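The following note is intended for a colleague who is new to this entry. The points are numbered and may be read alongside the sequence and the coordinates.

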Amino acid sequence: MHKLYENLGKIIPLGEMTLQRANLAFITLDRRYLRSALHHLRDVEGYSHLVLLTAVDWIEEDVFQLTYLLSNRTADVDVGLRVMLPRENASMDSIHDIWPTAATYQRELREMFGIDFPGSPRVNEEFILEGWQEIPPYRRDFDTKKYSEENFAHREGRVTKDPASHMKELLYPDRGQ
Amino acid sequence: MNYQPDRSKYPAKKADGTLDIDLTSGKYLKLWHGPNHPGITGNMSVELTVCGDEVIEGKVHVGYLHRGFEKLMERRSFIQCFPIVCRICVPEPDFNEYCYAAAIEELSGVVVPERAHWIRTMILEMGRINSYLMYLGGQAGALGQGVIGQWTTYVRDLMLDRFEELTGARIYHMFILPGGVRDDLPEGFKDRLEATLKEVDAVLKDVHDVMFKNAVFKRRTIGVGYIDPAWVDEYGITGPNARAAGVAKDVRKDQPYLVYDQLDFEPVVDHGSDIYTRADVRRRDVAMSVDLLRQILAKMPNEGPVMAKLPNVLHWQIPRGETYIRGECSRGEYGFYLVTDGSRFPRRVNVRGPSYTHAMTLLERMIVNTNISDVAALMVSLHTYPPEIER
């Protein structure tokens, strides 16, 4: 993993690397260098499998973390590239031309986090939600409890009883308490 | 097959690459395949545009099952998430439990006892058999062979009996927890599991004879639904869909987890890459799982703890970190990406289900130029479960 970090570091400036285990590392890099890094990892280092693309909302730091997880199956190693984006009007370069399957991930991120990927196929089409008017629901500042209280009718929960006294009352109603 | 479609009937492409479909021309028809359709895999639908009986465009629609699992988990403590994770995949819930538990263990430094690893592997292989049995019934059913589904459901029910006596539940087991598994095997369990495996063997032979040698099944599936091996990396194809295309991708072998490095097996690989081959790879995979279960029963240590000591799970705080744990489920690579921030709750959980890529970008590409009557068989042959897509 340190060798990969060295090789990649010769081409583009890299941020910190977190070695999670012997065959999994996360590397932070600037958004400008992401596509070069992905091309290098896919074409030179053998990381041909895009495992997933997702986002983490670090609302306290006012950033979204995009994680591009790649896998080199033959060498049994994974690397996650972390790109930090400001939360305000978040937008990122699309990578659907590198991996066509990324278009689906980007469409979901657009809907669930509000991160735009200009040029990605069908990125503005509804994916899971239908007629959603609120802020993107997977952002940390979306309050699920408040939303459900405002939009759904209140339903009483189940009535709970003390098992011992309930069964006594049920089986021996004439014996009293 | 020398059939060449008449391209003059097809719509031209617009500048942005989308098709210029004029529904008022009378040439094209929109047809909704699902969400309530016997040929659909779970609650999803495909919006087909057809010209005659040939599909010229298909758009997959999901969202019918969305409950926001990933978001729900951000408001729950680590242990409270267990009733949620198993519900992300109904026919094979144990992979969610394993991946999530293993991710927590890695980030918190909990060491799992050896015997728990063996029991976890056994449960995952039992779940795999169940999932494949459902698939075989569905694949045959999509082509009119209802009886196969009855046989496989019978033997799946026997396997559910084994799950019930082991975990107390038939579908959602919640048996794999951080630190190990909830309990040890009941007395005599190994013998009863072996008896069930014999039943699986018998039904598998019948399925092979009746389904895979059937002339109609062969005529309708051989050469239909081709996946080019070059698409495997482009579309993130994993599991039997990749192995049937000649790409020997199997996480159990490539990136061994649990005790798979101590078991003797070779991934099932074939080269036809059509519906028939994918079904056959899965049938042979069931036989391999039966063999793996027998190896596990023979090699498993007879004694030892099955659960590590955990901190108080109600106040369990896990230091800031992130990890990814994967396993080979019946549809391909299943994984959990877990991010923690030092609090009592997960910061972010992302589930990587194989259906996410198979049922969306891949299916939309494969469905073009197929016949309407093959759409159901094609969809089922990708073995997709919608809850993994929308989570």
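**Notes on the predicted model**

1. Leu19(A) stands opposite Ala25(A) in strand E2 of chain A. Strands E1(A) and E2(A) pair in the antiparallel sense, over 4 bridges. The two strands form a hairpin, with 2 residues between them.

2. The hairpin can next be placed in its sheet. In chain A, 5 strands form an open sheet with mixed pairing, and their order is E1-E2-E5-E4-E3. Strand E1 (17-21) and strand E3 (49-58) of chain A are the edge strands; each has a single partner strand, so one side of each has no neighbour in the sheet. From one strand to the next, the twist averages 20°.

3. Strand E2 (residues 24-28) of chain A also pairs with strand E5 (residues 77-86) of chain A, in the parallel sense and over 5 bridges. Within this pairing, Leu24(A) has Asp78(A) of E5(A) as its bridge partner. Helix H2 (residues 34-43) of chain A packs on the sheet, where it touches strand E4 (63-72) and E5 of chain A. The direction of H2(A) makes about 170° with that of E5(A).

4. Arg140(A) deserves a separate remark. Arg140(A) belongs to the loop between helix H3 (102-112) and helix H4 (144-151) of chain A. Although 82 residues separate Arg140(A) from Trp58(A) in sequence, the two are 8.0 Å apart in space, C-alpha to C-alpha. Leaving aside residues up to four places away in sequence, Arg140(A) touches Asp57(A) and Ile59(A). Is Arg140(A) buried, exposed or partly exposed? With 16 other C-beta atoms within 10 Å, Arg140(A) is partly exposed.

5. In chain B, helix H5 (residues 146-167) has 22 residues. From its first C-alpha to its last, H5(B) reaches 31 Å, close to the 32 Å expected at 1.5 Å a residue. The buried residues of H5(B) are Ile148(B), Trp151(B), Thr152(B), Val155(B), Arg156(B), Met159(B), Arg162(B), Phe163(B) and Leu166(B). These residues lie on the same side of H5(B), because the arc that they cover around the axis is only 130°. An α-helix has 3.6 residues a turn, so residues three or four places apart point the same way.

6. The buried residues of H5(B) pack against helix H4 (114-141) and helix H6 (189-212) of chain B. On the other side of H5(B), Gly146(B), Gln150(B) and Asp157(B) are exposed. Gly168(B), which follows H5(B), has a positive phi, near 90°.

7. Helix H4 of chain B has a further packing partner. Helix H3 (residues 94-108) of chain B and H4(B) pack at an angle of about 150°, and their axes are 9 Å apart. H3(B) contributes Asp94(B), Phe95(B) and Tyr98(B) to this contact, while H4(B) contributes Arg120(B), Ile123(B), Leu124(B) and Gly127(B). By class, the residues of this contact are 4 nonpolar, 1 polar and 2 charged.

8. Met174(B) is not a glycine, yet its phi is positive, at about 45°. Met174(B) lies in the loop between H5 and strand E4 (176-177) of chain B, and is partly exposed, with 16 other C-beta atoms within 10 Å. Asn369(B), likewise not a glycine, has a positive phi of about 75°. The loop that holds Asn369(B) runs between H12 and helix H13 (372-381) of chain B. Asn369(B) counts as exposed, with 10 C-beta neighbours inside 10 Å.

Definitions and conventions
Residues are numbered from 1 along each chain as its sequence is written. Chains are lettered from A and ligands numbered from 1 in the order in which they are written. This is a predicted model: local features need pLDDT of at least 70, side-chain atom pairs count only at pLDDT 80 or more; totals for chains, interfaces and linings use all residues. Two strands pair if DSSP finds at least two bridges between them. Axes are lines fitted to C-alpha atoms, for helices over the stretch in contact, and angles run from 0 to 180 degrees between N-to-C directions. Two residues are in contact if their C-beta atoms, placed from the backbone, lie within 7 Å. The expected span of a helix is 1.5 Å times one less than its number of residues. A residue is buried if 20 or more other C-beta atoms lie within 10 Å of its own, exposed if 12 or fewer, and partly exposed in between; C-beta atoms are placed from the backbone. The arc is that of the directions from the helix axis to the C-beta atoms. Ala, Val, Leu, Ile, Met, Phe, Trp, Tyr, Cys and Pro count as nonpolar, Asp, Glu, Lys and Arg as charged, and the others, Gly among them, as polar.
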